[in-house]
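Here are some friendly notes to read beside the model. Have the sequence and the 3D view open as you go through the points.

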Amino acid sequence: LKALHRFRVRGKELRYVMELLSNVFPADFRTSLYPRVTQLQDRLGELNDHATAQEHLARWRDEADSRLLNEFLCKLISQEGEELDKSIARFKKWWTPEYAKNLETSFHAMTNGCIREPT
């Protein structure tokens with residue numbers, strides 16, 4: 001989850017740069033490539049939302065002074081865990097090595113290879 005969160009942050013940085021520079025690239029950059037990066041952000045955001053919800057609920061559970069509230073929060077934590085697992089499975093099915101390579105190839109094609117790997 002930590003690696004996916006870092007990936008999400010880097011994707012967010014990429015999206016901001018794309019927004020700033022979109023006018024210097026062909027229209028496909030905005031109409032084809034940008035939506036794919038946005039979709040990646042949305043999917044990673046869903047994972048992050050479930051993980052964050054679990055963390056908040058666990059803190060509230062630890063502070064709960066009622067057995068009933070504690071049990072309720074445990075149930076919510078469990079539900080968030082199940083949703084997180086489902087989200088991870090959907091993400092893995094969607095974010096394949098082939099999809100990642102295709103996205104990279106599209107970036108290189110639209111930027112004439114001007115984008116370099118981060119150091």
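1. Start where two helices touch: L4, H5, F7, R8, G11, K12, L14, R15, M18 and E19 of α1 meet F29, L33, Y34, V37, T38, L40, Q41, L44, G45, L47 and N48 of α2. Contact here means heavy atoms within 4.5 Å, and helices are DSSP runs (H or I, at least four residues) numbered from the N terminus. The residues of this contact divide into eleven nonpolar, six polar and four charged.

2. Before going on, please note that this is a predicted model, in which local features need pLDDT of at least 70 and side-chain atom pairs count only at pLDDT 80 or more, while totals for chains, interfaces and linings use all residues. Residues are numbered from 1 along each chain as its sequence is written, and side-chain values use heavy atoms, with hydrogens and water left out.

3. How do the two helices pack? The axes of α1 and α2 lie 9 Å apart, at an angle of about 150°. That makes α1 roughly antiparallel to α2 (the term covers angles over 145 degrees).

4. Now look at the second largest pocket, which holds about 210 Å³ of space. A pocket is an open set of points on a 1 Å grid where a 1.4 Å probe fits, with protein on both sides within 12 Å along at least five of seven lines; lining residues have an atom within 4 Å of a point.

5. Which residues lie nearest the centre of this second largest pocket? They are L1, K2, N48, A51 and E55, out of 13 lining residues. α2 gives the most to this lining, with seven residues.

How values were computed:
Grid points are joined across faces, edges and corners, and a volume is the space filled by probe spheres set on the points. Axes are lines fitted to C-alpha atoms, for helices over the stretch in contact, and angles run from 0 to 180 degrees between N-to-C directions. Angles under 35 degrees count as roughly parallel, over 145 as roughly antiparallel, 65 to 115 as roughly perpendicular and the rest as oblique. Ala, Val, Leu, Ile, Met, Phe, Trp, Tyr, Cys and Pro count as nonpolar, Asp, Glu, Lys and Arg as charged, and the others, Gly among them, as polar.
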